[in-house]
Each structure stands twice: as structure tokens, then as C-alpha cells.
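Me: Got a model open here and want a quick walk through its fold. Can you take my questions as they come?

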Amino acid sequence: MDYSEDYDGYDDVYGHSVDDDYYISPSNRQFIYNRENSRDQPKIGEFIRTEQDIQEEDESETASDLSDLDKARLESCIEQIKATLGPLCIPRNELVNIIISNNYNIERATNAVLDDSKNLQSEPKEKVPSIKVVASGGKTTTNVTKGFDLSQNKDSIKLNTTPRSQSPASGRGTPIISQSEGTSEETKIIKSKENKIDVETQYKKERGDSKEHLYMVVIGHVDAGKSTLMGHLLYDLGQVNQKTMHKYEQESRKVGKQSFMYAWVLDETGEERNRGITMDVGRSQFETKSKHVTLLDAPGHKDFIPNMISGAGQADVALLVVDATRGEFETGFDFGGQTREHALLVRSLGVTQLAVAINKLDTVSWSKERFDDISQKLKVFLKQAGFREGDVTFVPCSGLTGQNLVDKPTENELLTWYNGPCLLEVIDNFRTPERPVSKPFRLSINDIFKGTGSGFCVSGRVETGSLNVGERVMVCPSRELSMVKSLYIEDLSQTVVFAGDQATVTLSGIEMQNVSIGNVLCDPQNPVQVSAKFQARIVVFNLTIPITKGFSVILHHQSLVEPAVVSKLISQLNRSTGEVVKKHPRFLSNNTSAIVEIQVSRPIALELYSDCKELGRFMLRVGGVTIAAGLITKIIL
Ligand SMILES: Nc1nc2c(ncn2[C@@H]2O[C@H](COP(=O)(O)OP(=O)(O)OP(=O)(O)O)[C@@H](O)[C@H]2O)c(=O)[nH]1
């Protein structure tokens with residue numbers, strides 16, 4: 001697949017834009033999702049009807065004509081205006097009209113209500129929350145204050161941001177929400193979330209001074225030495241203290257697995273250590289000169305591909321580890337070996353930059369010929385897989401001996417032919433991708449767990465936009481609304497998270513069993529689309545049986561894994577020009593490109609590729625093998 005769309009737009013590859021004929025206006029979205037058919041999901045009307053006062057009042061004619069989606073937006077607006085202004089003396093009908101006439105824009109509607117001051121009760125019983133962030137000295141206490149001086153700031157939330165302190169774990173300190181209303185010189189007024197321009201400013205303010213945050217997934221065939229390499233790197237960087245390392249050495253020796261002592265840094269469970277393989281994604285942090293890196297150590301064994309995909313889905317860049325031992329590289333690279341599969345998977349998930357660690361070079365006496373031979377084979381394959389030559393760097397190393405990891409090599413044989421960067425420098429040289437912070441908020445959920453307090457937590461990568469504590473979010477495809485109680489990045493409490501962050505969100509007002517891995521949290525005013533059917537441009541590879549109409553596949557969309565069928569073969573395309581070479585082909589064979597229709601077993605949250613790359617791409621797998629990567633070009637509602 002030619003993936004150069006990530007740089008130049010897909011148009012160049014296929015000759016015309018993916019959204020040429022297919023653009024669907026956001027105002028038309030999601031009408032068709034039939035709630036009656038969705039299993040275990042409450043109807044949208046149920047949460048609308050939860051408030052007594054809403055039921056008792058007559059609905060205006062305009063409001064009763066609204067679609068389900070607009071009703072949900074309306075209720076979300078009403079709740080947010082009430083939360084901001086406190087109890088109002090304005091009849092519901094009037095409020096509804098104001099909101100509709102302001103096109104569901106909360107800020108404008110709030111201003112319209114405020115313009116007519118008689119709408120405000122003289123002594124509000126319930127005061128609105130104001131969020132205040134004050135200088136903290138690095139200690140975290142989270143308290144949301146109630147109290148909002150309308151005469152001072154009608155439509156804004158007061159934030160006093162402090163330069164984040166450097167912490168070894170994150171490279172950033174934590175903003176503190178204070179109980180006091182006291183003023184500070186560093187106080188900044190930040191407009192409510194509705195004003196998207198301010199998100200950029202807020203992002204610069206919050207993140208401008210800290211090191212760039214990069215998420216790196218480590219991939220490669222089973223036993224390539226991924227965990228050993230990263231464990232040794234973490235040890236050399238001082239992330240693991242000597243006492244702990246000594247303990248791992250003793251314990252691993254006791255069970256006859258001393259060669260795994262560095263791998264134990266990341267392989268933490270008893271089963272992983274006993275079997276000598278990684279099963280779940282190990283996480284760790286370290287710092288380079290210019291970056292704060294979150295490391296995701298993915299399992300290499302093919303049985304744990306779904307875990308590997310969940311790690312890769314969170315990553316900005318990847319480190320592919322290959323075993324240089326004679327015969328071993330060939331095993332991992334042969335058809336069916338995980339080297340190819342992993343590289344294809346990360347590329348289909350949007351990773352464009354890759355470092356290749358040619359590992360275990362100590363087993364071949366640091367042979368330049370072996371290094372060149374492996375690099376050459378991989379170069380050809382990676383180019384076909386869609387990586388640009390300039391975005392792939394090869395680095396020779398040994399995870400076991402620690403050569404060329406954080407310092408220049410000392411091994412004489414290696415020094416005779418290599419004077420390039422060490423692994424840490426290669427990682428430092430990765431470019432941090434642009435964070436689309438001003439787009440509508442989207443977070444695809446890859447984990448759900450019970451937190452310590454009330455509510456429960458979901459975590460996932462913020463694909464686009466930003467999210468503040470106290471905001472409402474919509475969970476899709478169920479379209480239930482929920483409130484954000486708190487936010488965390490790597491266990492540090494935050495008031496706001498941005499695109500690119502791997503965040504944990506504590507939700508309230510929604511049942512934990514109504515949220516699943518693969519669901520998308522989004523902005524209720526600008527929700528993600530929901531459908532069980534879509535058209536896509538796919539590139540087919542690794543096929544043993546040709547794809548025909550009705551072909552069953554497993555759809556991987558971010559962390560979602562869902563059965564699906566290829567319900568229509570619409571056209572076969574010329575792979576390089578994108579021109580239609582055949583309408584309604586009867587089958588698709590290896591290395592073809594086509595437009596197909598895909599029917600998923602139930603509705604899912606998704607986006608057009610042209611609107612949101614992250615939620616607009618997917619993979620199709622059959623029998624544990626990836627057979628196609630695709631981009632969503634039309635959502636059928
Ligand atoms: N000689 C040599 N052996 C190594 C090197 N790196 C790793 N090994 C050995 O290779 C074996 C597998 O290492 P791991 O780090 O567990 O491999 P992995 O890729 O993390 O394995 P999975 O996560 O299960 O896919 C262990 O016995 C290591 O000691 C190296 O640079 N040189």
C-alpha cells in the first residue's frame with residue numbers, strides 16, 4: 001500500500017480526493033442509528049426524561065420536531081448552561097428557542113441568556129463550579145470550588161496555570177485545582193471549551209515549556225530481544241535502581257533464566273517470567289535530551305496480536321527489533337513471521353516513523369555484512385509496506401551486552417565500521433507528530449477499570465481535541481452522556497488533556513457495563529458518526545483465498561475487534577493511479593486495491609478518513625493474519 005497520503009493527502013496517490021463524492025454534512029449525521037436494535041442500550045429518550053422539570057414543561061413545537069440527535073444536543077446545552085449560570089428564571093421554552101436560534105452554541109446561548117439579566121435568580125441557591133489552578137510547588141490536591149461571580153466573568157472559567165514542575169516520571173508537574181478563589185498574578189482567564197481558538201493557546205501554555213511527549217511501541221518477532229533491549233536501556237538510564245536489578249539477577253538465576261534478567265524489568269507478571277515471553281503491553285517512561293518517551297513493549301508472540309495492536313494503536317512511532325542471529329532473522333522475516341506482520345500493522349495504524357534495532361549482533365561477532373544484509377532486505381520490504389526511506393533508521397546493537405544503547409559503542413569490531421547514532425539518539429531524533437488539539441474531542445477507549453473513588457475509569461488515546469475536568473462527554477455508539485470527574489496522565493492528575501495524550505478519564509453518570517473497549521468518547525456538540533455499514537478503499541495482501549462478496553473478516557478499528565463481512569465489491573482500482581479498472585469485480589486477489597462495502601455485526605463509532613485519520617482507518621484480519629488495510633470513504637447511515 002502506498003501510504004504517502006499521510007504526507008500529501010490521499011489525492012496524490014489515487015488521483016482524486018477521498019471525499020469527492022461522499023462528504024456528509026455533520027448536521028445530517030447519525031440519524032439512522034436505530035436504537036431499538038442496539039442491544040442493552042438505553043434509548044436516547046431515557047436520559048432526556050430523567051429530569052423532572054423537563055417532563056413537566058410543555059415542549060415548544062420547534063423542540064418536539066427535533067431529531068433524536070438534536071434533542072440530545074439540546075439537553076446537553078441546557079444542562080451546561082444551568083451548570084454555568086445556576087438556577088434560571090427563564091421558561092424552558094424560551095431557553096430552548098435561544099439555544100436553537102444560536103445553533104446549539106453554548107457560549108452564544110449563554111451570552112444571550114445573560115444579556116437579559118432578569119433571567120438570573122437574584123440569589124442562586126446553587127453556585128456554579130469555577131475551576132482554578134494555582135501554583136502548587138508540585139503537590140497535587142484536587143478540589144473544585146463552587147462559586148462564580150457572574151458580575152466578574154460571565155462566560156469564562158478562571159484558570160491560574162503554573163509552570164509544571166519536572167518530574168522524573170513525566171517531565172511535567174501537575175496543575176492543581178484549588179479550593180480558594182484568591183487572586184494570583186499568574187491567573188489566566190481561559191474561555192470555555194466552546195471557544196476552540198483558545199484550545200491552541202491553552203495547549204501552548206500547558207505544554208509549551210515541557211519536553212515533547214512521544215509514545216513509542218516496541219515491536220518484532222517473538223524472542224527478538226525486545227524486552228531485554230528496553231529493560232537494559234531503562235537500567236542504563238537510571239530508571240531501574242541497582243538494588244532492583246540485583247534482585248532480578250538473583251531471582252532469574254535461581255530459576256535458570258538469567259538471560260532474561262533485563263526482560264524482567266518490563267515482563268512483570270509471574271506467567272510472563274515463567275514462560276519467558278511478553279503477554280501484555282509493558283509500559284515505562286524515560287527521558288531523552290529533547291523528549292519524554294512513553295515506552296510500550298508489545299508482545300511478539302502471534303497469540304497476543306490483539307494486545308500488540310492495542311499497544312501500537314497508542315503509538316506515535318515504532319521501534320522494530322530484529323534478531324541478527326543466523327537463521328533467527330530469517331525465521332522472523334519469513335512468511336508468517338511476526339516481523340512483517342508487526343511492521344504492516346503499525347503502518348496501517350498510522351505510524352510513519354520507524355527505528356530498526358538490528359539486535360543480538362554479538363552473536364555474529366558484530367559482522368558488518370550481516371548488518372548490511374538484514375538492512376537491505378528490510379529496506380525493500382518496509383518501502384512496500386508504506387514507510388518512506390527517510391523515515392526509517394537502522395541501528396546495530398545488543399540488548400544483552402548493552403552495546404550502542406545509550407552511549408557510543410566500545411566494541412572494537414563494531415567501531416571499525418559504525419560511527420552512527422546510538423539507540424537513544426535515534427529515539428531522540430524522532431519527530432513528534434502534530435497534535436490536532438483544536439479538532440472536536442475524540443478518545444477511543446482501550447481499557448476500562450474501577451477506580452478508587454466513585455465512578456469508574458476509562459483510558460485511551462486522545463485522538464483529536466481536548467477535554468477538561470467537569471465537561472460532558474458522549475459515549476458512542478450508545479450515545480449516552482457522561483460527566484468527566486477527573487483526568488490523569490500516567491497517574492498524575494490533570495485539569496485538561498490534549499490530542500496525543502494517553503489519558504485516563506473518570507466518568508460519572510453512566511453505568512460501567514454500558515461502556516466497552518473500542519467505544520469512542522466524544523464532544524456531545526460534535527459527536528462521532530455511528531454506523532454498521534461503510535464504504536472503504538482497501539489494499540489487499542497476504543491472501544490465500546480471494547475475497548468474494550460475503551467474505552467474513554475480523555475488523556480491527558483502533559481497539560475495537562468486531563466480526564464483519566465484505567458485503568459488496570464496488571470497484572477494483574489501479575493501485576498507483578486510483579482509477580477504476582473494473583466495476584463490480586467478482587473477486588479480489590492479492591495486492592489489489594478496491595472500493596468495497598463493509599457490514600459490521602453491530603454499529604460502531606467511526607469517522608471518514610478525510611475528517612479524522614485516526615478513526616477513519618482500519619484493518620481486516622482472517623485467521624490471525626492481516627489481509628487488508630483500509631480507509632473509510634463513505635459512511636452509510
Ligand atoms: N546473545 C544475545 N541474546 C539476547 C540479546 N537480547 C536478548 N537476548 C536473549 O533472547 C531471549 C529473548 O529475549 P526477550 O527480551 O524476552 O525477547 P522478546 O522479544 O521481548 O520476547 P517476547 O516479548 O516474548 O516476544 C532471552 O534469552 C535473551 O537473553 C542480545 O542482544 N544478545
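Predicted model: local features only at pLDDT ≥ 70, side-chain atom pairs only at ≥ 80, totals over all residues.

Me: How many helices and strands does the protein have?
Reply: The count is 18 helices and 28 strands.

Me: And what share of the residues is buried?
Reply: Of 637 residues, 45% count as buried.

Me: On to the six-stranded open sheet. What is the strand order?
Reply: The order is β8-β9-β7-β10-β11-β12, with mixed pairing. Twist averages 25° from one strand to the next.

Me: Which strands stand at the edges?
Reply: β8 (282–287) and β12 (392–396). Each has a single partner strand, so one side of each lacks a neighbour in the sheet.

Me: How do β10 and β11 run, parallel or antiparallel?
Reply: Parallel. Seven bridges join β10 (residues 317–323) to β11 (residues 353–359). V322 sits opposite I358 in β11.

Me: What does helix α10 touch on the sheet?
Reply: α10 (residues 226–236) packs against β7, β8, β9, β10 and β11. Its direction makes about 150° with that of β9.

Me: And where does α15 lie?
Reply: Across β7 and β10, running at about 175° to β10.

Me: Now helix on helix. At what angle do α15 and α16 cross?
Reply: Roughly 35°, and their axes come within 10 Å. The crossing is right-handed.

Me: Which residues make that contact?
Reply: From α15, R340, A343, L344 and R347. From α16, F381, L382 and A385. By class, that is five nonpolar, no polar and two charged residues.

Note on methods
Residues numbered from 1 in each chain as written. Helix = DSSP H or I, 4+ residues; strand = E, 2+ residues; numbered from the N terminus. Buried ≥ 20, exposed ≤ 12 C-beta atoms within 10 Å, placed from the backbone. Axes fitted to C-alpha atoms, helices over the stretch in contact; angles between N-to-C directions. Left-handed = near helix turned anticlockwise from the far one by under 90°. Contact = placed C-beta atoms within 7 Å. Nonpolar A, V, L, I, M, F, W, Y, C, P; charged D, E, K, R; others polar. Pairing = 2+ DSSP bridges.
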